[in-house]
Amino acid sequence: MAESIEEIIQNRPTEPGRSPRYWIKTYGCQMNVHDSEKYAGILSEMGYVPADAPEDADVVLVNTCSVRERAEDKLFSELGRLRILKEQRAQGEQSGPTELLVGVTGCIAQQRGDGIVDKQPAVDFVIGTRAIQTLPDVLEDVRKTGQPCVNTADLVDFESNGASRQDAVRAFVTIMEGCNNYCSFCIVPATRGMEVYRPADDIIDEIRGLGLRGFREVTLLGQNVNSWVDPATGMGFPGLLEAIDESIARTEAADGERRIERVRFLTSHPKDLSPRLIEVMASASHVAKHLHLPVQSGSDQILHNMNRHYTATSYLAQVEALRAAVPGVGLSTDLIVGFPGETDADFEATLELVRAVEYDSFYSFEYSPRPDTAAVTQYEDDVPDELKRTRLIELQKTGQYIQAQRNAAWVGKSTEVLVDSVSKRSERDVSGRTSSNHIVNMSGDQALIGHLVDVEITAHAAHSMYGQIVGEPR
Ligand code: SAM
Ligand code: SF4
Ligand code: F3S
């Protein structure tokens, strides 16, 4: 008879009385960060505790991203280091537990499957993006057979009640898996599969539970959240936001306590940004006044070749409508430079768009060819690396100048901040975000974490602002 998980853990060769430990290294986007929280939750249920370092762990997970080539290179150098650690353990050269199981999860795991074990035999198991819940079975299999185990099955499971969330104030809530958009440069549809939507009732229940557990902010996660539809009723994403907003208001009215203050969402595709979504962002009081709206390029030709289904002009019209309906809304984006065929004029169009929109912040990347994507099969990666780099630097300089100007305009104003952590710069300061997603640091102690405060902005830096709390926290 197969050993139970508890028996397997008890029978493992390790020091008596010592709880088994896990170490998770996470690469990539928020979806991966949340998936790591789900893995941590499963391991905790199995009796594991977090390790201080891989050297101290019995199980190491590398939760991978394959959005750019460099991410893959990093994985294999990480695995090389883990192989050495495993050999040292086996030869007794390293203190700590005798066993070390190494697993690769996430997007590269889904994409490469068995290929990872073939390339790096130190890997004991590989779990794909939709098979997270199989971790206990996979560990059991590896221990029983002594052979690597690979599971990349399509078993979408949105359950995340047991997730070990890293942040005590802000929680991620997955509302969908996958992406149907096939932007020509992007590997995500291959690594995360086609879109599958979580039912509205499940999402609302999870958010209610998070509120009762003390979380004050949730971020709804999906690669393209505004294409979400309720599988049972066909309700769209704006309807979901309204339903969440109403549910939060009802809970507050029922017990008189303020709980979830803000609902954020990531990521929205411009082609699915409807006037109705803008209306709901304007009217729903718990929906944060921030939109991350990746534009990728300001050149219509490049946008067409990227398969993005909008133009720079239509995008600018959306931004104008959003800003008119939601005063003070924060706006951020993603940009790619050096997509195949990008001329100086195309790049100039991107700079022009960035100057016209005046983003509060953005992420920018050099184009990286990904296997089997349309951009690779249809176009030649013809922008030299050096030119990609020069363009990226110029774009970032332009962005930083605009961001500094926008941050400077906040000085002297008052704003509401949700305090979420101790400041990275000074232990005497705390840090939080405005509804528009601006980072604000202020003098104050840890007791403020989880509270809303009104802050008068007194100074600004490149990526954040500094302020003074006025009035009482709530
Ligand atoms: N779903 C989101 C959207 O609609 O844009 C973004 C998801 S993707 C994981 C995050 C960002 O990575 C993209 O917005 C894009 O800017 C960048 N990215 C994706 N593939 C890339 C590639 N092959 N080379 C460079 N950057 C890439
Ligand atoms: Fe990738 Fe495009 Fe889907 Fe975003 S919308 S995940 S960029 S294919
Ligand atoms: Fe990377 Fe996968 Fe996210 S490729 S960006 S971890 S969806």
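The rule finds 1 salt bridge across the interface of domain 1 and domain 2; a salt bridge is a side-chain nitrogen of Lys or Arg within 4 Å of a carboxyl oxygen of Asp or Glu. This is a predicted model, where local features need pLDDT of at least 70, side-chain atom pairs count only at pLDDT 80 or more, and totals for chains, interfaces and linings use all residues. Side-chain values use heavy atoms, without hydrogens and water.

**Domains**
- The assignment, automatic or from a database, gives domain 1 (5-151), domain 2 (167-288), domain 3 (295-408) and domain 4 (414-470).
- The centres of domain 1 and domain 2, taken over C-alpha atoms, are 30 Å apart.

**Interface of domain 1 and domain 2**
- About 1400 Å² is buried between the two, 57% of it on carbon and sulfur atoms. Buried area is the accessible area (1.4 Å probe) lost on putting two parts together, summed over both.
- D35 and R192 form a salt bridge through their side chains (3.0 Å, N to O).
- Helix 2 (30-45) and helix 4 (107-112) each supply at least two residues of the domain 1 side; helices are DSSP runs (H or I, at least four residues).
- Helix 2 gives the most to that side, with 8 residues.
- The domain 1 side has 5 nonpolar, 7 polar and 4 charged residues.

- Ala, Val, Leu, Ile, Met, Phe, Trp, Tyr, Cys and Pro count as nonpolar, Asp, Glu, Lys and Arg as charged, and the others, Gly among them, as polar.

Note on methods
Residues numbered from 1 in each chain as written. Chains lettered and ligands numbered in written order.
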